[in-house]
Amino acid sequence: MSSSPENLTVKVEFSGGLELLFSNKRTHTITLPAHTPSTSTTPTTIRDLVIYLCDELMRDPRRDLFVLDGTVRPGILVLINDADWELEGEDAYEVKNGDSILFVSTLHGG
Amino acid sequence: MSSSPENLTVKVEFSGGLELLFSNKRTHTITLPAHTPSTSTTPTTIRDLVIYLCDELMRDPRRDLFVLDGTVRPGILVLINDADWELEGEDAYEVKNGDSILFVSTLHGG
Amino acid sequence: SPPNRWPLSQDEYKRYGRQLIMPEIGLQGQLRLKNASVLIIGAGGLGCPAAAYLVGAGVGTLGLVDEDVVEHSNLHRQILHSTARVGMSKVDSALVSLQSLNPNVNLVPHHGRLTPETAISTVQPYDIVLDCTDTPASRYLISDTCVLLGKPLVSASALRIDGQLMVLNNPPRSAGDPTGGPCYRCIFPKPPPPESVVTCGDGGILGPVVGTMGVLQALEAIKVLTRASTSENEQPVTEPPTLLIFSAYANPMFRSIRLRARKPKCAACSAHATVTPEALNSGSLDYVQFCGMIDPVNLL
Amino acid sequence: SPPNRWPLSQDEYKRYGRQLIMPEIGLQGQLRLKNASVLIIGAGGLGCPAAAYLVGAGVGTLGLVDEDVVEHSNLHRQILHSTARVGMSKVDSALVSLQSLNPNVNLVPHHGRLTPETAISTVQPYDIVLDCTDTPASRYLISDTCVLLGKPLVSASALRIDGQLMVLNNPPRSAGDPTGGPCYRCIFPKPPPPESVVTCGDGGILGPVVGTMGVLQALEAIKVLTRASTSENEQPVTEPPTLLIFSAYANPMFRSIRLRARKPKCAACSAHATVTPEALNSGSLDYVQFCGMIDPVNLL
Ligand SMILES: [Zn+2]
Ligand SMILES: [Zn+2]
């Protein structure tokens, strides 16, 4: 697929306290390879994005507050363009250029 | 401009009680000519849209609760794609296909 | 009962006049509120404003569950309590304020915490439940109970500068019916790791943040209780399931997220449900262990 | 005053602990609140919840302006009042509840309505104003006064199932400074035709709708009062002007709209302003006539 762009630019947002793991910044603009591995023709999925975020963006060492068993930990909702990722194929969803991905930690306080 | 579409389709929304003038429906999808008059090459503006709404969509006879002196009456904010119309040129703004236009009546109750 | 010529008293017409005259409520809606019973679990930062607006609106019966007593550190956000009532049970303290706001409402105190053994008998008499608690264990217990009993659930939570709101099990169809609304387990099948759970005591909470979520819980309950059927036999129209997320310092402050439908393998609301009334009553479902908490479950 | 080793009392640390520990407030923010004075104009559906959460949060001084007495028809939404206090002035009734919530706050009653003659002297001592009134005339008067005195203004309104919220004159720079925030006249240069103005009495109001807007007014006031300067000499960063619109039965319920900057020809906040302290004090600005009202101006 030589016509597809080399990179994707996506908006990544964190809410419900997850922003504390990412330099206390709620909104990030991320550029990442359109294929994973980048030399392959396999489209980059949310699963790949999550690993990318852990490796490249997370400053906090407590990785298991974000990822568990290779995917987003229980208690985090993932919203793709303002819709629950379960409506979009969960972590197999192929990331598109310009997507907005929101990670929300469920809250329990009252 | 023979290449421009004959018609525009826009989303029109009413809030703050204005929906009561439009069959108590908040959201309308409107198709109107891209030029006003339709045989001209003059692009349709918000001013033209407002007259179109009065003529074609409004069922309530109290036209002056929406329009005064040829434009939207005082106390109504017009939002073009979620921004104050003053940022976009007010009623001279040229309507684009797919635009979302929101009319909000200011409230005074407390 | 046969329709009365004047189904409300003159005092009630005066008191509820401002909401009665709106087409969204009307006399029918006011009578639905008057005939409705609401259970609020937790008399803290969410439960206080939720109870105030539901009692103001004239629900017939309001039950309140809490095991705690009022502390000084509650008062910046728990607006039904008062400095003089520090040390009193939160349920009793809240009832003092609610009674003085609207003596027409039948107020029912439930002292103590909701447990698997007491949940079904406590929730059974009510038409709708508001989850105003503050631990994962209580949230799963309340959701399971609402699914088992067919009650809609208005669930909110808040921490620091963030809040969340969902209307669950709405409409409250039987387990296995895919047209029912999702439950808490549909959205969160597995509990969060305990080390990721932050309480308001540890993380802090801004008063108007939790206050906003509590007032919106009252609103959602009023919407569910007053919604009209288009005909006698038809089901009322319900909104698609939505998560409202609120963040006080973000722009925009509010976002609405479309949620999934019921999960076909949900442990509570699917045809394959393993959460049963027997399991709940017998105490064989250990929510505290399920959620891996070390501390006892505290309702706030 | 020189910094104390313990700038708050032990009771204050306990009472405000849950908000103190958040980075958005902190000890500095709590001290800013303690040193702040807030004027709430209108002790009705907006003013009641706004006052409750500001008093809970520990502002130093809270003033309350209203001319009305409590009526039965207020109680479904005006949660600081009570059935036993029907007939009492709203200001006195609200102060009873606020005093019992937090005795540390200096509460200042202002009986009677704000008029052009009294506006400047009433507003002068306060740091920020909340417009919780319910007529166009009062909204223009309050905005003009805030511009003349350089006070930020948190303005909200509600009717039926809709609510609106704006933070105006923020930052509150002098008239003619285009970097100041827009005022009410910038957004609405001309008043609405009187026949288009619907009151809560005529149109109705759902309690939690106006309640939500009032709680959000308290939140915006806290945000303005506690915001930190990045350095001693720098201006604090302010949000771009936004209108929050709320509609209880819409999906999404909340929308945020970007507003214009100050209007270069604004009658109040531009270099060409015609609204002056002298004009206001002399009574030559007739807001009731400007808005074309027939009835007297009532603050709700
Ligand atoms: Zn389920
Ligand atoms: Zn201005």
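How much area do chain C and chain D bury between them? About 5,300 Å², with 65% of it on carbon and sulfur atoms. Buried area here is the accessible area (1.4 Å probe) that two parts lose on being put together, summed over both.

Before going on, a word on what you're looking at. This is a predicted model, where local features need pLDDT of at least 70 and side-chain atom pairs count only at pLDDT 80 or more, while totals for chains, interfaces and linings use all residues. Residues are numbered from 1 along each chain as its sequence is written, chains are lettered from A and ligands numbered from 1 in the order in which they are written, and side-chain values use heavy atoms, leaving out hydrogens and water.

Back to chains C and D. Three pairs of chains are in contact (heavy atoms within 4.5 Å), and of these, C and D share the most contacts.

Salt bridges (a side-chain nitrogen of Lys or Arg within 4 Å of a carboxyl oxygen of Asp or Glu) number zero between chain C and chain D.

Now try turning one chain onto the other. A rotation of 180° with 0.0 Å of shift along its axis puts chain C on chain D, with an RMSD of 0.0 Å, superposed by least squares on the C-alpha atoms of residues with pLDDT of at least 70 in both. The two copies are therefore related as by a two-fold rotation axis. The same surface serves both, as 100% of the contact residues of chain C recur in chain D.

Not every pair of chains meets. Chain B and chain C have no contact, and their closest C-alpha atoms lie 11 Å apart. Chain A and chain D don't touch either, with their nearest C-alpha atoms 11 Å apart.

Finally, look for the zinc ion (ligand 1). Cys183(C), Cys186(C), Cys266(C) and Cys269(C) coordinate the ion through their SG atoms, at 2.2 to 2.3 Å. Along the chain, these donors follow the spacing C-x2-C-x79-C-x2-C.

Conventions:
Donors are N, O and S atoms within 2.8 Å of the metal (3.2 Å for Na, K and Ca); water is not among the atoms, so sites may look incomplete.
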